[in-house]
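Good morning, everyone. Please look at the model on the screen while I walk through a few of its contacts.

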Amino acid sequence: MIKVKTFGEPLQPFRAQRELDELDERVNRFVRDNHIARVLSVSDSTVAEGGNTCGLIRVLVYEQ
């Protein structure tokens, strides 16, 4: 069965790299803890407010 899971992460100035690393870890932990058989797609999209990027949404499409 194909499933979709989204993860969100706010981005703060000068902390983006650490926040991206934390988001990577959350996604990897989800894959590991849920015994995901196959990852079909991972994509990122930014969230903007007032013309400034303020967050990131990562979409994981997987087969379990």
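**Contacts inside one chain**

Let's start with Gly 8, which is partly exposed at 41% relative accessibility. Here is the scale: buried means under 20% relative accessible area, exposed means over 50%, and partly exposed lies in between, using a 1.4 Å probe and protein chains only. Now the ground rules. This is a predicted model, where local features need pLDDT of at least 70, side-chain atom pairs count only at pLDDT 80 or more, and totals for chains, interfaces and linings use all residues. Residues are numbered from 1 along each chain as its sequence is written, and side-chain values use heavy atoms, with hydrogens and water left out.

Back to Gly 8. Gly 8 is found in strand E1, residues 2-10. Helices (H or I, at least four residues) and strands (E, at least two) are DSSP runs, numbered from the N terminus. What does Gly 8 contact, leaving aside its neighbours within four places in sequence? Arg 26 and Leu 56. Contact means heavy atoms within 4.5 Å. Gly 8 and Arg 58 are 50 residues apart in sequence, but their C-alpha atoms are 6.4 Å apart in space.

Next, Arg 58 and its charges. Arg 58 forms a salt bridge with Asp 44, with the closest N and O atoms 2.6 Å apart. Arg 58 lies in strand E3 and Asp 44 in strand E2, so the pair ties together parts that are 14 residues apart in sequence. A salt bridge is a side-chain nitrogen of Lys or Arg within 4 Å of a carboxyl oxygen of Asp or Glu. Is Arg 58 buried or exposed? Buried, at 9% relative accessible area. Asp 44 is partly exposed, at 43%. Asp 24 joins in too: Asp 24, Asp 44 and Arg 58 are linked in a network of salt bridges.

By this rule, how many salt bridges are there? Six. Among them is Glu 63 with Arg 38, at 3.5 Å, N to O. That pair links strand E3 (residues 52-63) with strand E2 (residues 38-49), 25 residues apart. Another is Glu 25 with Arg 29, at 3.9 Å between the closest N and O atoms. Glu 25 and Arg 29 are four residues apart in helix H1 (residues 16-33), so about one helical turn separates them.

Now the rings. Aromatic rings of Phe, Tyr and Trp (its six-membered ring) pair if their centres lie within 6.5 Å; planes under 30 degrees apart count as stacked, over 60 as edge-to-face and the rest as tilted. The count comes to two aromatic pairs. Phe 7 and Phe 30 have ring centres 5.6 Å apart and planes at 75 degrees, so this pair is edge-to-face. Phe 7 sits in strand E1 and Phe 30 in helix H1, so the pair ties together parts 23 residues apart in sequence. Phe 30 and Tyr 62 have centres 5.7 Å apart and planes at 75 degrees, so they are edge-to-face. Phe 7, Phe 30 and Tyr 62 form one aromatic cluster.

Last stop, the core. The largest nonpolar core has nine residues, including Phe 7, Leu 11, Phe 30, Leu 56 and Tyr 62. Helix H1 and strand E3 each supply at least two residues of this core. A nonpolar core is a set of buried Ala, Val, Leu, Ile, Met, Phe, Trp, Tyr and Cys residues joined through side-chain atoms within 4.5 Å. In soluble globular proteins, nonpolar side chains tend to be buried together.
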